[in-house]
Amino acid sequence: MNARLQKILVLALAVAIGFTALPSRSFAIGEAGTAYVTPEFGFYGTGQKEVESYFTFGASGGYFVMDGLSLGLEALAYSFNQKKIDRNTAAGNFLYTAVSHDGYSQNPWAFGANALIRYYPVRTDKAAFFIGTGIGGLFSGDRVPYYSDGHRGNTSNPTVPVDVGFTVAFSPSVSFELAGRYQRIGFDSAGLDGWGGHAGLRITF
């Protein structure tokens, strides 16, 4: 066993011990005064031809300001899978055009953050159903999308997510979360409509 693997195993053991040391109280998911952190991974298709799909990874967290209502934040990394769309540009005279690929990247990366609000209309000690929305932004080094119906995409875009999901408890402090999401990226004609979802492990404290 190499040294790196040993360090990973020791860290995993330390995290597991930390979870068992959390207070073993029994509370309904979504109880006022509790907070959570959720590492998550997601995958989305889009409604536009220029970007086939994108995946996300990161974490979200929230605090229940009252029973069944949480306010939170989400920070995600994005990787986009773009189709190569040629853009015709003038090249000196009206009889000739050149294909331009300036600034094109097939797999641009981006960082995004959203402020979230979630409401849990159905919740028990073992499971809960939630709906939510929010607002935020996405920032990339390349334009996303590169080119769309005569318009360039942007390196910064406002985002609006809409979530429907559920969480199932493994223990009083750890549960599994699965959410479907529609997300609008950009409010202009070059923006994207993302359809998909994310999954993660929620740690409540």
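1. **Basis.** This is a predicted model, in which local features need pLDDT of at least 70, side-chain atom pairs count only at pLDDT 80 or more, and totals for chains, interfaces and linings use all residues. Residues are numbered from 1 along each chain as its sequence is written, and side-chain values use heavy atoms, with hydrogens and water left out.

2. **Elements.** The protein chain has one helix and 10 strands. Their order from the N terminus is α-β-β-β-β-β-β-β-β-β-β. Elements are DSSP runs numbered from the N terminus: helices are H or I with at least four residues, strands are E with at least two.

3. **Burial and surface.** The protein chain has 205 residues, and 40% of them count as buried. Buried means under 20% relative accessible area, exposed over 50%, and partly exposed in between (1.4 Å probe, protein chains only).

4. **Contact range.** Take contacts between residues at least 6 apart in sequence: 62% of them join residues at least 24 apart. Contact means heavy atoms within 4.5 Å.

5. β1 and β2 run antiparallel and are joined by 11 bridges. They form a hairpin with four residues between them. Tyr-36 has Gly-62 as its bridge partner in β2. β2 and β3 are also antiparallel, with 14 bridges. Their hairpin has two residues between the strands, and Gly-68 there takes a positive phi near 80°. Strands count as paired if DSSP finds at least two bridges between them.

6. **Strands β9 and β10.** β1 also runs antiparallel to β10 (residues 192–204), with nine bridges. Phe-41 stands opposite Ala-199 of β10. β9 (residues 174–185) pairs with β10 in the antiparallel sense over 12 bridges. In that pairing, Ala-179 faces His-198 of β10. The β9 and β10 hairpin has six residues between the strands; Gly-186 takes a positive phi near 90°.

7. **Aromatic pairs.** There are 12 aromatic pairs in the structure. Tyr-36 and Phe-64 make a tilted one, at 5.8 Å centre to centre and 50° between the planes. Tyr-36 lies in β1 (residues 35–46) and Phe-64 in β2 (residues 51–66), so the pair ties together parts that are 28 residues apart in sequence. Tyr-78 and Phe-80 are stacked, because their ring centres are 5.9 Å apart and their planes at 10°. The rule: rings of Phe, Tyr and Trp (its six-membered ring) pair if their centres lie within 6.5 Å, and planes under 30 degrees apart count as stacked, over 60 as edge-to-face and the rest as tilted. Tyr-78 is buried at 1% relative accessibility, and Phe-80 is buried with 1% too.

8. **Around Tyr-36.** Ring pairs link Tyr-36, Phe-64, Tyr-120 and Phe-130 into a cluster. Tyr-36 is buried at 4% relative accessibility, and Phe-64 at 2%. The charged end of Arg-202 sits over the ring of Tyr-36, 4.1 Å from its centre. That call requires NZ of Lys or CZ of Arg within 6 Å of the ring centre and within 35 degrees of the ring normal.

9. **Cores.** The largest nonpolar core has 11 residues, including Tyr-44, Val-51, Leu-76, Phe-80, Val-144 and Leu-192. β2, β3 (69–82) and β7 (127–148) each supply at least two of its residues. β3 gives the largest share, three residues. Apart from this core lies another of eight residues, among them Ile-29, Tyr-36, Ala-169 and Ala-179. A nonpolar core is a set of buried Ala, Val, Leu, Ile, Met, Phe, Trp, Tyr and Cys residues joined through side-chain atoms within 4.5 Å.

10. **Leu-192.** Beyond its neighbours within four places in sequence, Leu-192 is in contact with residues including Val-51, Phe-80, Val-144 and Ile-185.

11. **Gly-61.** Gly-61 is in strand β2. Its bridge partner in β3 is Leu-73. The C-alpha atoms of Gly-61 and Arg-202 are 8.7 Å apart, across 141 residues of sequence.

12. **Thr-124.** Thr-124 lies in the loop between β6 (109–123) and β7. Its relative accessible area is 41%, so Thr-124 is partly exposed. The C-alpha atoms of Thr-124 and Ile-29 are separated by 6.2 Å, although the residues are 95 apart along the chain.
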